[in-house]
Amino acid sequence: MEKKLYDLTFWININSEPQVVENKVKDIIEKEGGEIALIVGAKKRNLAYPIKKEIVGYLDTIYFYGSSELAIKLNSELKKNQEILRFLIVKRKNLPKLVSTLKEQNQDELKAEAILANES
């Protein structure tokens, strides 16, 4: 079965721990046979309009490869999660250029950390 690239963007409740919620979502994707391409990471943002009476939340994006069945399963699992205010799963043709740049920056940071670790 051919794996397609998906973009999952979701809002996390401000009272939740974003890293914990992100790990739960990541575990669902991997458990169902998906492969994580990139995690952008949660950032605190103001919502454009209130969602479930919240005006601030964490915005997170995960790019992953998986089957259409995975996307359907993920959709139903995320609907059950009370910590996620809103989400959107979109099929993509390729990673956005911005994400490729982020990936390169992360690689450079890892290289710099490795160099510093070796120097000490």
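Visitor: What should I know about the model before we start?

Guide: The model is predicted, with local features needing pLDDT of at least 70 and side-chain atom pairs counting only at pLDDT 80 or more, while totals for chains, interfaces and linings use all residues. Residues are numbered from 1 along each chain as its sequence is written, and side-chain values use heavy atoms, with hydrogens and water left out.

Visitor: How do you know what counts as a helix or a strand, and how many of each does the protein have?

Guide: Helices are DSSP runs of H or I with at least four residues, strands are runs of E with at least two, and both are numbered from the N terminus. The protein has 3 helices and 5 strands, in the order β-α-β-β-β-α-β-α along the sequence.

Visitor: What makes you say that the length of H1 agrees with that of a helix?

Guide: The expected span is 1.5 Å times one less than the number of residues. Helix H1 covers residues 18-31, and its 14 residues should therefore span 20 Å; the C-alpha atoms at its ends are 20 Å apart, which agrees.

Visitor: Which residues of H1 are buried, and how do you know that they line one face?

Guide: Buried means under 20% relative accessible area, exposed means over 50%, and partly exposed is in between, with a 1.4 Å probe and protein chains only. In H1, the buried residues are Pro18, Val21, Glu22, Val25, Ile28 and Ile29. Viewed down the axis of H1, they fall within an arc of 120°, so they line one face of the helix. That arc is taken from the directions between the helix axis and the C-beta atoms.

Visitor: What covers the buried residues of H1?

Guide: The cover includes strands E1 (4-13), E2 (35-39), E4 (54-66) and E5 (84-92), together with helix H2 (68-80). Contact here means heavy atoms within 4.5 Å.

Visitor: Why is the pair Asp7 and Arg92 called a salt bridge?

Guide: A salt bridge needs a side-chain nitrogen of Lys or Arg within 4 Å of a carboxyl oxygen of Asp or Glu. For Asp7 and Arg92 the N to O distance is 3.4 Å, so the pair meets the definition. This pair links distant parts of the chain, with Asp7 in strand E1 and Arg92 in strand E5, 85 residues apart. The whole structure holds 4 salt bridges.

Visitor: How do you know whether Lys73, Glu77 and Lys80 are buried, partly exposed or exposed?

Guide: Lys73 at 32% relative accessibility is partly exposed, and so is Glu77 at 24%. Lys80, at 59%, counts as exposed.

Visitor: What makes Lys52 and Lys53 worth a look?

Guide: Most residues other than glycine have a negative phi. Lys52 has a positive phi near 50°, and Lys53 has one of about 65°.

Visitor: Why is a group of residues called a nonpolar core, and how many residues does the largest have?

Guide: The name is for a set of buried Ala, Val, Leu, Ile, Met, Phe, Trp, Tyr and Cys residues joined through side-chain atoms within 4.5 Å. The largest has 17 residues, and those with the most contacts inside it are Leu8, Phe10, Val25, Phe64 and Leu74. E1, H1, E4, H2 and E5 each give two or more residues to this core. Apart from it lies another core of 5 residues, including Leu5, Leu38, Tyr63 and Leu95.
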